[in-house]
Amino acid sequence: MAANGLGLGRALAASPCPPWRRAHWEARGRLKPQYDAVVIGAGHNGLVAAAYLQRLGVNTAVFERRPVTGGAAVTEEIIPGFKFSRASYLLSLLRPQIYTDLELKKHGLRLHLRNPYSFTPMLEESMGSKVPRSLLLGTDMAENQKQIAQFSRKDAQAFPKYEAFMNRLALAIDPLLDAAPVDMEAFQRGSLWQRLRSLSTLKPLLQAGRILGAQLPQYYQVLTAPIIKVLDQWFESEPLKATLATDAVIGAMTSPHTPGSGYVLLHHVMGGLEGMQGAWGYVQGGMGALSDAITSSATAHGASIFTEKAVAKVLVSSEGRVQGVVLQDGSEVRSKVVLSNASPQVTFLKLTPQEWLPKEFLERISRLDTKSPVTKINVAVDRLPDFLAAPNAPGGQSLPHHQCSIHLNCEDTLLLHQAFEDAMDGLPSHRPMIELCIPSSLDPTLAPPGCHVVSLFTQYTPYSLARGKVWNEQERNAYADKVFDCIEAYAPGFKGSVAGRDILTPPDLERIFGLPGGNIFHCAMTLDQLYFARPTPLHSGYRCPLRGLYLCGSGTHPVPFQEEASWEPLDAMQLMLSSETSRACDPEPTLTQE
């Protein structure tokens, strides 16, 4: 990480914790030698798992190596007075059941929904004295059509049909997010009872097929084809196609020309908050406030959450069953089950004794594709960016476009592909794809009066650089300067407004947040690593070959977005409880016993 600017020497550790969090740590600071369940990692997924387990009376402890809970969903005051959602920065796909069951609103969660939600300014030097065009999209379809008509009347007419087409696909796929994937191992190796029980996992797939009906082939193409092929069938104007294509490649080392890129786009369409389909929003107080609300819900029911308590390894009995964890300080904590919110790679290649896992399984885990294109830059500014395509108000107050995801270097899908090709050559993109967000435009508590926090989600930056270079301070700053130069072209004066910045390249994201290769999904969202093949084909049901060990993080179905938070732990927790209960009545060995 590189942190530059005013007062950046002040450490985050000096920032005060919320009072309720301090009280909880003081009240529950005593570590017990045994719990019913242990969760490795207090990321948002692990916290949700812990909250549900504790609500069901399962005495649960969570161990987090960092001084704060939340994993990548944290708020950190890297620059004094400026509170950043340091990694994850937008919320969506918060399942209504979780929102309700954990009473997150009661525990302090407040959301700022965005409308409009997307702004793509153009660079049009030939316009002379005219203001460059821009594309502003929101929930008003008539206004969207008016915006799109600047570039193509044909596209303006097609857009409502496209939206309806994608919404139908989202409606069909949505139930899959709340269900465990098809249990392929049960079909192949399970007992008769397990095979019959696993048939229930087919129900969401059958429901999806009924909804899609005769249009199934067209929808199949969305999931498997390059997104540019899909968009070309609908639209002709590059600004619209490129804006939509950003949602198909964001966070992924893929191009709009990569097969399967449409699935990432679909995740954005499937998003939703407070009953609004497709809605994405900012969390009041930053993403850490979301994690605080989940933590508060979990601890209110009796869960114990420990920070700065890294897990060194998983304990396994001589009979080949999990019996707890060993902490970094040597303490042993016994438990009946262990849920790991860490990545599959960390869980199985670093924390679990290798002798208890099949060689083929370990080889599959080690071969997971974790390539990431993302460098996240957090910026403190003393005024709002002033875009040529949408000049600021005289008083400096925020305007509708400031609350959007602002897409820069995104006027043409060719720009996105060229940025991707640079990374394939081991180079940071010459014209990076930039998603710029200003959460303080809706939440003034994040910055001092008149100032703002800016989130830059940029790509493409390879984990390993060409020509023997490494991501040292010089390379980080050189890339950040390039990004700032790009922003300056759209919003002159931006560089002069910067009070400080925090640069997180793929290796930094891996080191700080435990994201393998810096990948915000733990492993890539390619077709061979989704649904019943995530993380591996025969172990997609949150269980692993070791009895009592489960995954509940991003490396499992249904796959989250780093911008937001998805919710695998509910599926994992439900499957774990059914599996542990079934051992008492199943006459055949359970899957994890084989």
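**View 1. Buried residues of helix 5 in the predicted model.** In helix 5 of this predicted model, the buried residues are D155, A156, A158, F159, Y162, F165, M166, L169, A170, A172 and I173. An α-helix has 3.6 residues a turn, so residues three or four places apart point the same way. Helix 5 covers residues 153-173, 21 residues in total.

**View 2. Cap and kink in helix 5.** S152 caps the N-terminal end of helix 5. A side-chain oxygen of S152 sits 3.3 Å from the backbone nitrogen of K154. Further along, helix 5 has a kink of about 35 degrees at F159.

**View 3. The largest nonpolar core.** This core holds 64 residues. Y162, M166, L169, F235, L266 and F513 touch the most other members. Helix 5 gives the most to this core, with 10 residues. Leaving aside neighbours within four places in sequence, M166 contacts V222, L265, L266 and V269. Another core, of 35 residues, lies apart from the largest one; V62, L104, L273 and V283 are among its members. In soluble globular proteins, nonpolar side chains tend to be buried together.

**View 4. H112 and its surroundings.** H112 belongs to strand 6, residues 111-113. The H112 side chain makes a polar contact with the side chain of Q284, at 2.3 Å. Beyond neighbours within four places in sequence, H112 is in contact with G281, Y282, Q284, L442 and D443.

View 5. N115 and P116 are joined by a cis peptide bond. Omega is about 5 degrees. P116 falls in the loop between strand 6 and strand 7 (118-121).

**View 6. Positive phi at E103 and N409.** Neither residue is a glycine. Phi is near 50 degrees at E103 and about 60 degrees at N409. E103 is in the loop between helix 3 (96-101) and strand 6. N409 is in the loop between strand 17 (405-408) and helix 16 (413-424). E103 has 35% relative accessibility and therefore counts as partly exposed. N409 has 2% and therefore counts as buried.

**View 7. The protein chain as context.** The chain has 20 helices and 21 strands. Of its 594 residues, 60% are buried. Among contacts between residues at least 6 apart in sequence, 73% join residues at least 24 apart. The accessible surface comes to about 22,700 Å², with 54% belonging to carbon and sulfur atoms.

How values were computed
Residues numbered from 1 in each chain as written. Predicted model: local features only at pLDDT ≥ 70, side-chain atom pairs only at ≥ 80, totals over all residues. Heavy atoms only, no water. Helix = DSSP H or I, 4+ residues; strand = E, 2+ residues; numbered from the N terminus. Expected span 1.5 Å × (residues − 1). Bend = angle between axes of the 7 residues up to and from the residue. Buried < 20%, exposed > 50% of the residue type's maximum accessible area, 1.4 Å probe, protein only. Polar contact = N/O pair within 3.5 Å; in protein donor to acceptor, adjacent residues only side chain to side chain. Contact = heavy atoms within 4.5 Å. Core = buried A, V, L, I, M, F, W, Y, C linked by side-chain atoms within 4.5 Å. Areas by Shrake-Rupley, 256 points an atom, 1.4 Å probe, with all protein chains shown as cover.
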